[in-house]
Amino acid sequence: MVRFVETSEEFTALKKRKDVYTIFDFTASWCGPCQRIGPKFESLCTEFEISGKLEFYKVDVDGNSDAAADSRVSKMPTFQVYNDGNLVYVMEGASEENLRRIVDLTSQRMKGILTDSEF
């Protein structure tokens, strides 16, 4: 299940979790491309979520501008993958194909199919 991150403190805590990959969708209600890709992000969560290992979150850039600024988000939508406080991957734009690719690669990493160097 995709949850909204409510505060910048919550965002900081989530991205620093060890042994968990967190995928954040930086979005806004007024952003057309964000609204088009949002349902795809949610369906990928249902398909790929590994509880305690791979988790999906949304960050409203208007409601949580500190988290967006901290992450240097300047385009929307922006998707970021974190593990143990490290930014692993960034994708800007609403490409369903590219979004599926980063979620699939992250899932493979969590399952041990890919090594860190291959990821």
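Visitor: How many salt bridges does a search of the whole structure find?

Guide: The search finds 6 salt bridges. A salt bridge here is a side-chain nitrogen of Lys or Arg within 4 Å of a carboxyl oxygen of Asp or Glu.

Visitor: What is this model, and how are residues numbered?

Guide: This is a predicted model, in which local features need pLDDT of at least 70 and side-chain atom pairs count only at pLDDT 80 or more, while totals for chains, interfaces and linings use all residues. Residues are numbered from 1 along each chain as its sequence is written, and side-chain values use heavy atoms, with hydrogens and water left out.

Visitor: Which residue meets Lys-15 in a salt bridge?

Guide: Asp-70, at 2.9 Å from N to O. Lys-15 lies in helix α1 and Asp-70 in helix α3, so the pair ties together parts 55 residues apart in sequence. Helices (H or I, at least four residues) and strands (E, at least two) are DSSP runs, numbered from the N terminus.

Visitor: Is Lys-15 buried or exposed?

Guide: Lys-15 is buried, with a relative accessible area of 11%. Asp-70 is partly exposed, at 45%. Buried means under 20% relative accessible area, exposed over 50%, and partly exposed in between (1.4 Å probe, protein chains only).

Visitor: Which residues of α1 are buried?

Guide: In α1, residues 8-15, the buried ones are Ser-8, Phe-11, Leu-14 and Lys-15. They cover an arc of only 120° around the axis, which puts them on the same side of α1. That arc is taken from the directions from the helix axis to the C-beta atoms.

Visitor: Why would residues three or four places apart point the same way?

Guide: Because an α-helix has 3.6 residues a turn.

Visitor: What covers the buried residues of α1?

Guide: The cover includes strands β1 (3-4), β2 (21-27), β3 (54-60) and β4 (78-83), along with helix α3 (65-70). Contact means heavy atoms within 4.5 Å.

Visitor: Back to salt bridges. Which residue does Arg-100 meet?

Guide: Glu-47, at 2.8 Å from N to O. The pair links distant parts of the chain, with Arg-100 in helix α4 (residues 96-110) and Glu-47 in helix α2 (residues 32-48), 53 residues apart. Arg-100 is partly exposed at 30% relative accessibility, and Glu-47 is partly exposed at 48%.

Visitor: And Lys-75, what does it form a salt bridge with?

Guide: Glu-92, with the closest N and O atoms 3.7 Å apart. Lys-75 lies in the loop between α3 and β4 and Glu-92 in strand β5 (residues 86-92), so the pair ties together parts 17 residues apart in sequence.
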